[in-house]
Amino acid sequence: MDKAKYIWMNGKFVNWDDAQVHVLSHTIHYGNGVIEGTKAYKTDKGYAIFRLNDHTKRLKESAKMTLINIPYSVEELNKAQIQLIKDNGFTGDNVYIRPFAFLGYGVMGVYHVNAPVETVLAAWEWGAYLGEEGMKKGIKLKIVSMTRPANTSNMGKAKATANYLNSQMAKYEAIDCGYDEALLLDDQGYVAEASGASFFMLKEGKLITPPNDNSLESITQKTVIEMAQDLGIEVVRKRISREDVYIADEAFLTGTAAEITPVRNVDARVIGGGARGEVTEKLQSMYFDIVFGRNKKYEHYLTYID
Ligand code: PMP
């Protein structure tokens, strides 16, 4: 990965290489941590962080769900992220920000009430999550053998580190079978989400995406729904079965890192024309206009770094 200069750790900026923890940190052993993935884009007026407040708020809410007490307010964390982008002196097109909180060193055993909470904000330059070629030509998805954990035994709405064991196994299986990304069903057999992104499909002019019954409350998914409605496209939120996916006219994934990534094939079924669909391309280009500050209507989602 591309190193940056500084990382914000528990209220202080430290050099990238000095942001260290002990091997007996609680989260390394028992997996309770929360993360965010936020992105800043280089606009004509300098870097702007997209939907900063929504991401920071979700971090705090994920932490509340998993009983981690982050001792900083949303405002403090927002301010620190702005400073982080400023001080690192980035030059690339975009910067990925990873805010997170985890349990540190000092307590062992599953009961974590006395484990110290570590809060960190890191940022670095990161290329296209599913590859430049995938953004243009579309990717191949595999509906993998594991399902997203049921709501009775996990917390899919928390962006919890623990949820990414399921994501990792899914992604590994997909790639090992020659695909680019995993699509996970829920325990009832309906589409939940990809390993790190949300799922959309187009059928007879309607844009369909599942409700967040068994998936992260995605910020990009919300943005894309708003964009589609602005373009006069009907958006339907309903359960999607495997068969629905196979006969979609277009499909794509959305996420802060995935942005809008077209899907050209699912489980050996060619989607639409087997390339980036027309509506997908329209939404993709609108999304880039928004995040790069070229669409006035959505400027309220940008936090400029001056
Ligand atoms: N689902 C999962 C499991 C994810 O990891 C992500 C990426 N954060 C998403 C969906 C998309 O969420 P967002 O649009 O808020 O980045």
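Predicted model: local features only at pLDDT ≥ 70, side-chain atom pairs only at ≥ 80, totals over all residues.
**Stop 1: the ligand shell.** Select the ligand and the residues around it. The shell holds 15 residues, and those that come nearest are Lys159, Tyr164, Glu193, Thr220 and Thr256. Colour the shell by residue class: 4 residues are nonpolar, 7 are polar and 4 are charged.

Stop 2: Show the side chain of Glu193, where a polar atom sits 2.7 Å from a nitrogen atom of the ligand. Move to Thr220 next; an N or O atom of its side chain is 2.5 Å from an oxygen atom of the ligand. Then select Thr256, whose side chain places an N or O atom 2.6 Å from an oxygen atom of the ligand.

**Stop 3: helices 6 and 8.** Select residues 219-230 for helix 6 and residues 278-291 for helix 8. Their axes are 11 Å apart, and the helices pack at an angle of about 110°. Helix 6 is therefore roughly perpendicular to helix 8. Look along the line joining the two axes to check the hand: helix 6 and helix 8 make a right-handed crossing.

**Stop 4: helices 2 and 3.** Select residues 52-65, which form helix 2, and residues 74-88, which form helix 3. How do these two helices lie relative to each other? Their axes come within 10 Å and cross at roughly 125°, so helix 2 and helix 3 are oblique to each other. The crossing of helix 2 and helix 3 is right-handed.

Conventions: Residues numbered from 1 in each chain as written. Heavy atoms only, no water. Near = heavy atom within 4 Å. Polar contact = N/O pair within 3.5 Å; in protein donor to acceptor, adjacent residues only side chain to side chain. Nonpolar A, V, L, I, M, F, W, Y, C, P; charged D, E, K, R; others polar. Axes fitted to C-alpha atoms, helices over the stretch in contact; angles between N-to-C directions. Helix = DSSP H or I, 4+ residues; strand = E, 2+ residues; numbered from the N terminus. Parallel < 35°, antiparallel > 145°, perpendicular 65-115°, else oblique. Left-handed = near helix turned anticlockwise from the far one by under 90°.
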